Amino acid sequence: MNLTTAKPSGKIKYQQDYPNQRIAYKRMKAQAKFRNELFLLSWDEFLLLWKDKWEQRGSSANKLCLIRKDLTQPWSAENVEIVYREQLYQKQHAIRREKK
């Protein structure tokens, strides 16, 4: 993924080059809207976050996913991190334990 290629407008070239990433970004944004979560993460920020990690993304425990650090804050570049899904499961389990 070459993020340095710019269009004349100064925007990063992406629509034709990253169709799978674009679909994932739009899906993530739609899911956040459905859950009434504020989504401030831009397309360019999303690409930069996943720059060298996209191929490691997936749904099994040893794959990567994008999560919010603080669930009370919006989806933004400052509040997201890429972790292994196993870490997400552990975090969710800890949250559930706290609620009991």
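**Close-up views of a predicted model**

**Figure 1. Overview of the chain.** Three helices and two strands make up the chain. The model is predicted. Read from the N terminus, the elements follow the order α-α-β-β-α. The chain has 100 residues, and 31% of them count as buried. Among contacts between residues at least 6 apart in sequence, 41% join residues at least 24 apart.

Figure 2. S1 covers residues 64–68, and five of its five residues are buried, so the strand is largely enclosed by the rest of the structure. Leu-64, Leu-66 and Arg-68 point one way from S1, while Cys-65 and Ile-67 point the other way. The residues on both sides are buried, Arg-68 included. S2 covers residues 80–84 and pairs with S1 in the antiparallel sense, over five bridges. Within this pairing, Leu-66 stands opposite Ile-82 of S2.

**Figure 3. Asn-79 in the loop between the strands.** The loop that joins S1 and S2 contains Asn-79. Is Asn-79 buried or exposed? Its relative accessible area is 7%, and residues under 20% count as buried, so Asn-79 is buried. The side chain of Asn-79 reaches the backbone oxygen of Gln-73 at 3.5 Å. Leaving aside residues up to four places away in sequence, Asn-79 touches Ile-67, Arg-68, Lys-69, Asp-70, Gln-73 and Pro-74. Two of these names return from the view of S1: Ile-67 and Arg-68 point to opposite sides of that strand.

**Figure 4. The buried side of helix H2.** H2 spans residues 43–50, and its buried residues are Trp-43, Phe-46, Leu-47 and Trp-50. These residues cover an arc of only 100° around the axis, which puts them on the same side of H2. What covers the buried residues of H2 includes helix H1, residues 19–34, together with S1 and S2. The face of Trp-43 has a charged neighbour: Arg-22 lies over it, at 4.8 Å from the ring centre.

**Figure 5. Aromatic pairs of the chain.** How many aromatic pairs does the structure hold? There are seven. One of them joins Tyr-25 and Phe-39 in an edge-to-face arrangement, with 5.7 Å centre to centre and 65° between the planes. Tyr-25 lies in helix H1 and Phe-39 in the loop between H1 and H2, so this pair ties together parts that are 14 residues apart in sequence. Both partners are buried: Tyr-25 has a relative accessibility of 7%, and Phe-39 has one of 13%. In the pair of Phe-46 and Trp-54, the ring centres are 6.2 Å apart and the planes stand at 70°; the angle is over 60°, so this pair too is edge-to-face. Phe-46 and Trp-54 are both buried.

**Figure 6. The aromatic cluster.** Which residues do the ring pairs link into a cluster? They are Tyr-25, Phe-39, Trp-43, Phe-46, Trp-50, Trp-54 and Trp-75. Among them, Trp-43, Phe-46 and Trp-50 belong to the buried residues of H2.

Conventions. Residues are numbered from 1 along each chain as its sequence is written. This is a predicted model: local features need pLDDT of at least 70, side-chain atom pairs count only at pLDDT 80 or more; totals for chains, interfaces and linings use all residues. Side-chain values use heavy atoms; hydrogens and water are left out. Buried means under 20% relative accessible area, exposed over 50%, partly exposed in between (1.4 Å probe, protein chains only). Helices (H or I, at least four residues) and strands (E, at least two) are DSSP runs, numbered from the N terminus. Two strands pair if DSSP finds at least two bridges between them. A polar contact is a pair of N or O atoms within 3.5 Å; within protein, one must be able to donate a hydrogen and the other to accept it, and residues adjacent in sequence count only if both atoms are side-chain atoms. Contact means heavy atoms within 4.5 Å. The arc is that of the directions from the helix axis to the C-beta atoms. Rings of Phe, Tyr and Trp (its six-membered ring) pair if their centres lie within 6.5 Å; planes under 30 degrees apart count as stacked, over 60 as edge-to-face and the rest as tilted. A charge sits over a ring if NZ of Lys or CZ of Arg is within 6 Å of the ring centre and within 35 degrees of the ring normal.
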